[in-house]
Amino acid sequence: MRKLMIAGNWKMNKTYTEGVVLAQGLADALKDAEVKVDVVVCPPTVDLKGVSEVIDQASAPFALGAQNVYFEESGAFTGETAPNMLEAVGAKYCIIGHSERRGYFGETDEDINKKAKVLMAHGIVPISCCGEPLEVREAGKHVEFVVDQIKKDTEGLEITDPSKYVIAYEPIWAIGTGKTATADDAQEVCGAIRETLAEVFGKEIADQIRVLYGGSAKPGNIAELVAKPDVDGALVGGASLKAEDFSQMVIKAGE
C-alpha cells in the first residue's frame, strides 16, 4: 500500500524570515491534526536551514525538500548546490526536472537522470517531474510524450526501496494557470507512468513507487485527485504558500 504524499513547492517565494514564519505556521496548523500522509515542504535554497530548524524545534510532521541540485559533488560550478550541501541542512527530498527548470533553464532528461542518481547516492529522495505542454496535449500525444520522459529519466537507475523515488506528473498547461487536469486526465497519465515503471523496474517495484499530480492542485480538488488508483498525492505550488490552505490539503488527502 502506497502512502499518500503532499509536497509543497514554494518556488522563488519567501525570504529567509518569511520562510521561517510560514514553516512555523504550518507546524502550528498541523500540531493537533492526525496527519495520515507524508508531507514535504520545498523552500528556496537560502531558506532551507531556517525551515530545517523549525522542523527540528517544533517536531513538525513534515520533511524538508529542496527545489534543485547539481549532479557534481563539488567544484567550479558557480551558483549551483551540491547534494552533500542539501544533506547537511537536513533535506530528505529534492525536486528535479520541474517544467520551469526544463523550460527556463534548458534542463534535459539526461541532466535529470544524473541528478536522480546523485541524490539517491546521498540518501535524498528525488521528486522527479514530468509533463506535457499544451500543444502536445491538444495533439493527443501527451501519454506518448510523458512515457518517453520517464524512460529517459529512469535510465540506469537502481531502485531497491520504492519509497526512495517519487514521480510528479505536472501537465505544463495547468501549472499556475488555474486550469487543472480533471481527475480522470491525471489518472490516465499517472496510470501510463506506472505501466512504464513496470516495464523498467518490474511490477512489484512499480506498484510501490508514488506518482503525484502537480498543476493547480488545491484544497477543493485534492480529495477527488487522490481517490484515483494511480494518483498518490500532489506536488502543490501556490496553495503551499499559505499554511491554512496547505494544511487543509494535507488533512483532506488523508481523510
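These legends describe close-up views of a predicted model.

Residues are numbered from 1 along each chain as its sequence is written. Local features need pLDDT of at least 70, side-chain atom pairs count only at pLDDT 80 or more, totals for chains, interfaces and linings use all residues, and side-chain values use heavy atoms, without hydrogens and water.

**View 1. Helix 5 spans residues 109-121.** Helices (H or I, at least four residues) and strands (E, at least two) are DSSP runs, numbered from the N terminus. Helix 5 has 13 residues. Its buried residues (under 20% relative accessible area, 1.4 Å probe, protein chains only) include Ile 112, Ala 116, Val 118 and Leu 119. Among the elements that cover them are helix 3 (83-88), strand 5 (125-130) and helix 7 (142-153). Gly 123 follows helix 5, with a positive phi near 75°.

**View 2. Arg 210 lies in strand 7 (residues 210-214).** Is Arg 210 buried or exposed? Arg 210 counts as buried because its relative accessibility is 6%. Its side chain reaches the backbone oxygen of Lys 3 at 3.1 Å. Arg 210 also touches (heavy atoms within 4.5 Å) other residues, including Asp 38, Tyr 93 and Asp 232.

**View 3. The largest pocket holds about 370 Å³ of space.** Of its 13 lining residues, the closest to the centre are Lys 11, Met 12, Gln 67, Arg 101 and Phe 105. A pocket is an open set of points on a 1 Å grid over the protein atoms alone, where a 1.4 Å probe fits, with protein on both sides within 12 Å along at least five of seven lines; lining residues have an atom within 4 Å of a point. Helix 4 gives the largest share of this lining, four residues.

How values were computed. The expected span of a helix is 1.5 Å times one less than its number of residues. Buried means under 20% relative accessible area, exposed over 50%, partly exposed in between (1.4 Å probe, protein chains only). A polar contact is a pair of N or O atoms within 3.5 Å; within protein, one must be able to donate a hydrogen and the other to accept it, and residues adjacent in sequence count only if both atoms are side-chain atoms. Grid points are joined across faces, edges and corners, and a volume is the space filled by probe spheres set on the points. Lists of a residue's contacts leave out its neighbours within four places in sequence.
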